[in-house]
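Subject: Structure handover

Hello,

Please find the structure below. My notes on it follow.

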Amino acid sequence: MNKPIPTSADGLSRVDGRAKVTGAAKYSAEYNQPNMAYAVLVGSTITKGTIATIDTKLAAKAPGVLAVLTYLNSPKVPGHIPTKAQKPGAKSGPLKVFYDNKILYNGHPIAMVVADTFERAQYAASLVKATYNKQAHDTKPPKDLSRGVGAWGGKDFTRGTVDAWKTAPIKLEQEYIHPSEIHNPMELHAIIARWDAPDKLTVWDKTQGTQATRDDIAKAFKLKKEDVQVNSQFVGGAFGSALQVWPHEVAAILGAKVVKRPVKLVLSRPDMFTSVGYRPYTWQKIGIGATADGKLVGITHEAVGQTSTFEDFAEGPINTSKGLYAVPNVTTRYKLLSLDVNTPTWMRGPGEATGAFALESALDELSYALKMDPIDLRLKNYAKVDPDNNKQYSSKYLDEAYAMGAERIGWENRKAEAGTTIQNGWLVGYGMGGGMFGAYRDVAVARAIMKADGTLTIQTAVSDIGPGTGTAMVLIAANKMGIDPGKIKFEMGDSALPLAPMQGGSATTSAVGSAVHDACTVLKEKFQQLMGNGGTDNPDYVKILKEKNLPSLEVLTKSQPGPDNEKYSMQSWSVHFVKVLVHPTTGVIKVDKVVCVADSGKIISPKTARSQVVGGAIGGIGMALMEEAIIDHRYGRFVNNNFADYHVPVNADIPQIEALFVNKPDPYINPIGAKGMGEIALIGMAAAVANAVYNATGKRVRDLPITPDKLI
Amino acid sequence: MSDKKPIISPDSEGISNGTRRDFIKQSSVLTAVALTPGTVVHAASDHMDEQIAAVFEKMPLKMEVNGKPHSLQVEPRSTLLDILREQLDLTGTKKGCDHGQCGACTVHVDGHRVNSCLTLGVMVNGKRITTIEGLAKGEELHPMQEAFLKHDGFQCGYCTPGQIMSAVACIREGHANSEGEIREYMSGNICRCGAYPNIVNAIQEVKAGGQAV
């Protein structure tokens, strides 16, 4: 071993870093337009029922107010935002804003004030008063399978024998709770909408996919795709919250139509809890059994996630139990419970992060029952082929990752018996947890233009929510072309640029990186052809353009998955190791040391990759120890809808974190050998923390977050 | 002006309810100021009244932002954050919560860090404001900006201006003497991407370098 541990200073700095540290980077709300107006939403104060009366007179007469939209006077949206997460027709689908008098959840937008300044719009919004016909609501989350309805057609899944874990000599069954978690990116969701003509629209919008947003807006407003321009140059975090078009975006576009001016709408932080999705509250039960020597006999994983009454959102909490270990018998039951809440959505490691908390906690519990080291238990059940479909893995080095992480955390210092180590008055515990997530590749197109001055421009429509996509793309291009990264300009975040998928599912580098790689390959070949004689490995691009009297040379290249992407099972893998200190009297938990190891194929951009893994681990610490969106069920309303009451990790909560990579290219997934990283950086981390807390205290907390009151 | 006609609910046309429009028509203050009351009445019927009233509701604000003097008329309720972003187009200072809970809006007022979202514009009359746009000397980055770049003290970049302004103040205040102290005194700036360890590394490097911040 003894590989050098990467530091935060190693590798190429972000290509957009200078813009970010100088304040020059502009996010969606920051493209102020001439004659721009400001919109502020008004949310319902009840949870279910209908609007009886809505009084907008005072608001309409307030200074600077240009319009007050409600269901009574709003222009109707001619189409609908397409649903992404359910079978069509099952429910009414994404919320139609200002559509009728129905209230479907607390905070449901009932009005929007548009005024000439933000302050005036905000004040006037406070003057809108509604009365309601209230109906009894239900926001209470699932606590067993009973009230859930089967997701995805409702079928349970079985491999081998149903509930075989019950026949095992060593077995346990436990319930795990994951509360609702809010993405809460630092940038508030924002949109500026400008109608350039009655059938032509430009928006500056926070989105993880400029073209997906363009397509959905075009469908909703029945416009031609080419008449909708979506700009999302910089995105201030999203973690899944910007993967779809939300009601506030539609509202702003409507507002701009009504007042015939560009309209800016920025959600408030409380709005962020009710307007842009969340990770759903999920109840889980795991039954797991093994032979006395630790060979898994069976796993049964049941889960019920909450969704809204108007839209089903299903994810894969049970997937991890199907694929993480070589277990012959797996049963999963996954249901959705419809509540009077807003619809959840994908959040970093969607489904798998929730599921991995339960499964990796259960594995840990089983290891104590077996008196077996948790790593040994995992190695004993190491899957060499995908147990779900018997396909070969395209690459899997999780065993190496276990070894690397164990060495760096000092796993040999872990005591097999929980609650036995005290140092300086603090209980000490070690824990680990693993994660997996499908490694995907989608179709993407890139344009590469070599100019006479020797600069290369790469264009794709992709958004970059923070992982460092631009930096990775520049490095791919620089390597392929054999030029300095400083000579490469990466243009993105514009729906008019070449095809790119949404930035989600950890697939951007795989998809867009392949397109950039392929475009540069073709471009280089073109130069080699121009040179004749088969060319050389490193053409002098400037010289050739000059000789041929060309101002530039450009290619547009489509890149897509091939047969290997079907032939092999493609997964990214991670393992997290955590050392915690727990104060025996107060229950205060300090995360003392973290080591994360990712098997995500070839590492393209070491500096940003490291940061991405560190960031995922910190998200996992939040999930484990702090984050919980709390509804007062008497009113159906969030009580902690701000950063003072909804706790996320702050600097003082976080130690130095080591992020290590196996860094072996995947030979099959794509031409660059890179697998995804964003999701696995988080998946398994919460269990690692929970397992370390158990090792320290002997107390198993199965309902997140693990707050001190649960330990004393 | 027809574009600006308020859209109101169907039953509200013609109902008078003591808004400013009525205030303007009746105001003795305005009558005293306005030399041609007839014009004002005419203006009121043309919806000019609000624009006239808006002038009287504003307060003067003189402040220096990044070395440049500004003389503005602002509403008393306007925050320094919104004035910077919406009136001066200095959008480097970010809005993350508007409630002083996240630190994204951190600027320096006379050299000290403050949350500009909790600061009314009128409170900084006569003061010297530095925002992220004013930290570099032309093309030459401030050492803290360099250190954030080198140590990757950010991902999405949205909290970054606030982090950097806070980090500079953290050193100036003498609160950057250990890793633990830096973490504590940087905990008013939330980073959801999770760049905290890198931010701490950047601050430690600047502190150790001993450059003037």
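How many residues does helix 12 of chain A have, and how far does it reach from its first C-alpha to its last? Helix 12 (residues 508–531) has 24 residues and reaches 34 Å, close to the 34 Å expected at 1.5 Å a residue; the expected span is 1.5 Å times one less than the number of residues. After helix 12 of chain A comes A:G532, with a positive phi near 75°. Helices (H or I, at least four residues) and strands (E, at least two) are DSSP runs, numbered from the N terminus.

This is a predicted model, in which local features need pLDDT of at least 70 and side-chain atom pairs count only at pLDDT 80 or more, while totals for chains, interfaces and linings use all residues. Residues are numbered from 1 along each chain as its sequence is written, and chains are lettered from A and ligands numbered from 1 in the order in which they are written.

Now the sheet. In chain A, seven strands form an open sheet with mixed pairing, in the order 3-5-1-13-10-11-12; two strands pair if DSSP finds at least two bridges between them. Strand 3 (65–69) and strand 12 (228–231) of chain A are at the edges with a single partner strand each, so one side of each has no neighbour in the sheet. From one strand to the next the twist averages 20°, with axes fitted to C-alpha atoms (for helices over the stretch in contact) and angles from 0 to 180 degrees between N-to-C directions. Strand 1 (residues 37–43) and strand 13 (residues 263–266) of chain A run parallel and are joined by three bridges. A:A39 has A:L265 in strand 13 as its bridge partner.

Regards
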